[in-house]
Structures are given as structure tokens and as C-alpha cells.
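Biologist: Could you take me through how the strands and helices of this chain are arranged, one question at a time?

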Amino acid sequence: MTEPAARPLRIGVFGGAFDPPHLGHRALAQTAIAQLALDRLLVIPTGHAWHKARPLTAAAHRLAMVTIAFSGLPQVQVDARETLRTGASYTVDTLRELHAEHPQAAFFLVIGQDQADALPSWHASEVLPSLAIICVAGRAATTTAKPHNEGLGATIPGALSLQMPAMAVSATDIRQRVAAGKSIAPLVFEPVARYIDQHLLYRPH
Ligand code: ATP
């Protein structure tokens with residue numbers, strides 16, 4: 001009798017500034033792992049974020065916080081590759097590298113609705129659907145972010161919708177709360193709040 005062929009590895013790719021990582025990110029990671037039956041979820045902090053207007057917090061801090069924020073999720077691997085690149089950091093380059101490293105794997109690009117709306121402006125966005133299945137989660141409004149279109153951008157070929165309860169949390173909101181001396185306890189994993197406090201991140205200068 002022949003052995004059944006091993007199924008291809010299912011690898012999720014979850015990029016972001018993670019400045020800081022919050023409970024919305026963790027919920028999205030858990031949702032993606034469960035709904036997409038992922039073997040692995042690569043959490044990839046951005047290096048130079050070409051699409052964000054402000055300078056990001058040092059990569060070493062964001063990597064440390066991401067490691068804390070996704071702890072206890074065995075499928076998650078924090079991947080520093082984009083922070084090690086010089087110049088702009090493009091998802092298309094990351095996906096091409098990952099394909100070369102894992103030629104048999106199936107890739108799933110995990111994004112929130114705000115990023116799905118912005119996808120047409122990404123570098124080489126038209127090739128992304130050939131490199132990964134794009135998986136989109138809805139986002140709730142926060143005090144600093146508008147609600148985004150409900151449902152999937154019909155323009156993304158083959159996109160999947162991730163179902164998770166909308167979480168009204170954004171990193172912008174958290175940075176503003178810290179700067180204003182307000183509590184961020186319900187918005188981030190407690191050890192991340194402690195890290196922010198210990199390293200005096202997001203304080204007004
Ligand atoms: P900022 O407020 O600084 O723009 P952010 O909260 O959007 O940050 P990012 O690190 O830019 O966080 O997000 C990384 C990814 O996680 C993006 O694809 C984003 O859409 C998604 N995401 C962030 N917060 C949520 C949330 N509350 N619900 C669903 N997806 C989210």
C-alpha cells in the first residue's frame with residue numbers, strides 16, 4: 001500500500017507595523033490559525049513602512065513586543081526578515097522569498113479590512129493573489145479609525161473572509177492613550193503594557 005501524499009504545509013503570513021501589537025492582532029492571529037487550519041503563522045513586523053507617514057518605533061522594541069504579544073500560540077513564528085532589509089519593505093518580496101524557501105507550501109496572507117481597501121496601492125499588488133490566498137478580517141471603528149467597508153473587496157481575486165468578532169482597537173489609539181497618560185489595560189496583552197511602561201514607549205517628548 002502506498003502512503004497518502006503529505007498535504008502541503010499551510011503557512012499564514014501576517015505583517016504589520018505592530019507599533020504596538022494589541023489584542024486585535026492576537027485575535028486575528030488566533031482566528032486565522034483556526035479558520036485556515038494553519039500549520040504555521042509567520043508574524044512579520046515591517047521594516048521601513050513605506051505606507052506609514054510617521055517613523056516607527058525601533059524594530060528591536062517591536063520585535064520584543066510581538067514575541068510577547070503572540071506567546072502561547074504554538075503555530076506563531078516571529079520573523080524578523082523585513083526589519084533586516086534596507087530600504088522599503090514590500091510584501092511581494094517577502095512572499096517570493098517564502099515561496100523559494102517552501103516551494104510546496106500553500107500561503108495565506110492575513111490582513112484587516114483597512115489593508116484590503118489599500119491593497120491596490122501596494123507595490124506589485126496585482127501579483128499578490130498568485131503568491132498567496134488573501135484572507136481579510138473586518139475591523140471595527142475606534143476613536144481614531146473610521147470603520148471600513150463591510151465585506152470583502154470584490155476586486156481581490158480568490159480572497160477569503162475571516163470571521164471574527166470586530167474589535168475596536170488600533171495601535172494609533174494605544175499610542176495616543178499612552179501619550180495622554182490613560183490606561184491601555186483592555187487593549188493590549190498585559191505583559192505588552194508592562195514592556196511599554198518599562199521602556200517608556202509612546203511618551204510625549
Ligand atoms: P495603526 O493604528 O498604527 O495604523 P494598526 O492597529 O492598524 O496600526 P497594524 O500593525 O498596522 O496595526 O496592523 C497589522 C495588520 O493587522 C493589518 O492588516 C491590520 O488591518 C490588522 N489589524 C489591526 N488591528 C485590527 C483589528 N482590531 N481587527 C482586525 N484586524 C486588525
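What follows is a conversation about the sheet, the helices packed on it and one loop of this predicted model.

Biologist: In what order do the six strands of the open sheet lie?

Modeller: The six strands form an open sheet in which the pairing is parallel. Strand E3 (76–78) and strand E6 (160–162) each pair on one side only, which makes them the edge strands, and the twist from one strand to the next averages 30°. Read across the sheet, the order is E3-E2-E1-E4-E5-E6.

Biologist: Which residue of E2 stands opposite Ile 11?

Modeller: Strand E1 (residues 10–16) is joined to strand E2 (residues 40–45) by six bridges in the parallel sense. The residue of E2 that stands opposite Ile 11 is Arg 40.

Biologist: What is the handedness of the β-α-β crossover from E1 to E2?

Modeller: Between E1 and E2, the chain passes through helix H1 (residues 23–35). With E1 and E2 paired in the parallel sense, the path over H1 gives a β-α-β crossover that is right-handed.

Biologist: Which residue of E5 is the bridge partner of Val 110?

Modeller: Strand E4 (residues 106–112) pairs with E1 in the parallel sense over four bridges, and within that pairing Gly 12 has Phe 108 of E4 as its bridge partner. E4 also runs parallel to strand E5 (residues 133–137), joined to E5 by five bridges. In E5, the partner of Val 110 is Cys 135.

Biologist: At about what angle does H2 run to E2?

Modeller: H1 lies across E1, E2, E3, E4, E5 and E6, and runs at about 125° to E6. H2, for its part, lies across E1, E2 and E3, and its angle to E2 is about 155°.

Biologist: Why is H2 described as roughly antiparallel to H7?

Modeller: The axes of helix H2 (residues 59–69) and helix H7 (residues 190–198) come within 8 Å and cross at roughly 155°. Angles over 145 degrees count as roughly antiparallel, and therefore the relation of H2 to H7 is roughly antiparallel.

Biologist: How many residues of the contact of H2 with H7 are nonpolar?

Modeller: H2 passes H7 in a right-handed crossing. On the H2 side the contact is made by Ala 60, His 61, Ala 64, Met 65, Ile 68 and Ala 69, and on the H7 side by Pro 191, Val 192, Tyr 195 and Ile 196. None of these residues is charged and one is polar, while the number of nonpolar residues is nine.

Biologist: Which residues does the cis peptide bond join?

Modeller: Most residues other than glycine have a negative phi, and most peptide bonds are trans. The loop between E1 and H1 holds Phe 18, which is not a glycine and yet has a positive phi of about 50°. Pro 20 also has its place in the loop between E1 and H1, and the cis bond, with omega about 5°, joins Asp 19 and Pro 20.

Key: Residues are numbered from 1 along each chain as its sequence is written. This is a predicted model: local features need pLDDT of at least 70, side-chain atom pairs count only at pLDDT 80 or more; totals for chains, interfaces and linings use all residues. Side-chain values use heavy atoms; hydrogens and water are left out. Axes are lines fitted to C-alpha atoms, for helices over the stretch in contact, and angles run from 0 to 180 degrees between N-to-C directions. Helices (H or I, at least four residues) and strands (E, at least two) are DSSP runs, numbered from the N terminus. Angles under 35 degrees count as roughly parallel, over 145 as roughly antiparallel, 65 to 115 as roughly perpendicular and the rest as oblique. A crossing is left-handed if the near helix is turned anticlockwise from the far one by less than a right angle, and right-handed if clockwise. Contact means heavy atoms within 4.5 Å. Ala, Val, Leu, Ile, Met, Phe, Trp, Tyr, Cys and Pro count as nonpolar, Asp, Glu, Lys and Arg as charged, and the others, Gly among them, as polar. Two strands pair if DSSP finds at least two bridges between them. A crossover is right-handed if, with the strands pointing away from the viewer, the path from the first strand over the helix to the second runs clockwise.
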